Amino acid sequence: MERIKLKKILQYLDDKIIIDDETRYITIKVKRRFGGLERREELLGRDIKTKKQYLIRPYSFIISRVQCWHQAYAITPKELPESMIASQNYDQFKIKENTDERYFWWLTHSNYFTELVRSCAYGVVKEKMVFNREKFLEQEVWLPCIEEQQRFGEHLDKCFSTRQVLSSDIDLSGGYIDQLRQAILREAAQGKLTEEWRKENPDIEPASVLLEKIKGEKEQLIKKKKIKREKLIPPISEDEIPYELPKGWQWCRLEDLMSITGGVTKGKKDSTEMVDTPYLRVANVQRGFLDLRLMKDIHVSKVDYEKYQLKEED
């Protein structure tokens with residue numbers, strides 16, 4: 001799995017058409033909260049006031065430029081009338097061959113994708129936030145190989161076979177999406193999403209080996225005085241284990257996986273060498289992403305700068 005820019009998996013479609021006065025066209029809208037693509041009206045070309053219209057393509061990703069904050073985006077159905085059109089208030093993208101449509105559909109329904117889209121909208125009032133296509137295509141998402149994408153999509157389709165996974169058909173009212181997210185997380189935590197993959201890769205390194213490597217790396221950081229030794233924490237008791245894990249997996253505490261440090265103190269006086277550097281404020285840390293549009297600088301000692309400096313994969 002790798003992080004890849006959206007422009008590597010989506011291609012903007014600029015399919016502007018010339019409206020013919022005597023041809024009938026079907027107009028659309030994309031409903032909020034993953035409501036899908038909806039037919040609006042069937043009109044003769046001469047009755048369409050805004051002549052700047054774009055042809056809707058099958059199996060494309062379409063997003064409302066003025067309702068993007070409210071999750072007004074969808075994947076178009078495989079079969080569409082030839083005369084279905086969208087106004088300039090929508091952006092449409094072809095899903096490239098390196099991306100499975102079903103996998104991308106599930107991705108668009110994640111909290112991560114919602115926040116990613118919102119980070120690419122500009123404006124003051126939510127109802128008037130406008131989608132920035134160029135910024136959107138520069139954002140990164142995690143993308144496994146096409147085979148893993150297909151397995152992921154097939155498994156989720158199977159788990160939720162009572163619901164069709166076409167955005168035009170699915171009913172997402174009544175908190176269904178929240179229930180869906182919880183079910184996916186539960187199956188992932190219990191190892192059900194990777195069950196077939198583990199059967200095909202029986203020699204994968206067990207979690208116990210990985211935890212020992214992490215422990216060794218933390219010891220080295222302690223010796224170099226980059227982190228402090230943490231207080232001893234009790235081992236996980238049987239009463240704390242909610243369910244049995246697959247072979248090779250292991251329960252651990254967050255402290256076993258990472259070192260937690262604080263941040264720099266603003267206004268701290270120091271007689272050592274000082275530097276000016278950008279720093280993350282509470283306003284920059286959003287749900288699932290960093291908003292770096294407005295950064296501020298802070299005056300800190302060089303010691304604190306090195307101690308609290310953000311590193312890749314923090």
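Some ground rules before the tour. The model is predicted, so local features need pLDDT of at least 70 and side-chain atom pairs count only at pLDDT 80 or more, while totals for chains, interfaces and linings use all residues. Residues are numbered from 1 along each chain as its sequence is written, and side-chain values use heavy atoms, with hydrogens and water left out.

Let's start with the sheet. Helices (H or I, at least four residues) and strands (E, at least two) are DSSP runs numbered from the N terminus, and two strands pair if DSSP finds at least two bridges between them. Five strands form an open sheet in the order β3-β6-β9-β4-β5, and the pairing is mixed. β3 (16-17) and β5 (36-44) are the edge strands, each with a single partner, so one side of each has no neighbour in the sheet.

Now along the order. β3 pairs with β6 (residues 53-55) in the antiparallel sense over two bridges, and Lys16 has Tyr54 as its bridge partner in β6. β6 and β9 also run antiparallel, joined by three bridges, with Leu55 opposite Ile85 in β9. Strand β4 (residues 24-31) pairs with β9 in the parallel sense, over two bridges, and there Thr27 has Ile85 as its bridge partner.

What about the side chains of β9? From this strand (residues 84-87), Met84 and Ala86 point one way and Ile85 and Ser87 the other, and all are buried. Buried means under 20% relative accessible area, exposed over 50%, and partly exposed in between, using a 1.4 Å probe and protein chains only.

On to the cores. A nonpolar core is a set of buried Ala, Val, Leu, Ile, Met, Phe, Trp, Tyr and Cys residues joined through side-chain atoms within 4.5 Å. The largest one has 31 residues, and Leu10, Phe61, Phe104 and Phe136 touch the most other members. Among the elements giving two or more residues to this core are β7 (60-64), α2 (111-118) and α3 (133-137), and α1 gives the most, with five residues. Beyond four places away in sequence, Phe61 touches residues including Leu10, Tyr73, Phe93, Phe104 and Phe136, where contact means heavy atoms within 4.5 Å. There is also a second, separate core of twelve residues, which includes Ile26, Val30, Ile62 and Ala74.

Ser301 sits in strand β17 (residues 296-301) and is buried at 3% relative accessible area. Leaving aside neighbours within four places in sequence, Ser301 contacts Asp270, Thr272, Glu273, Met274 and Val275. Asp304, in helix α9 (residues 302-308), also counts as buried, at 9%. Not counting residues up to four places away, Asp304 touches Val264 and Lys268.
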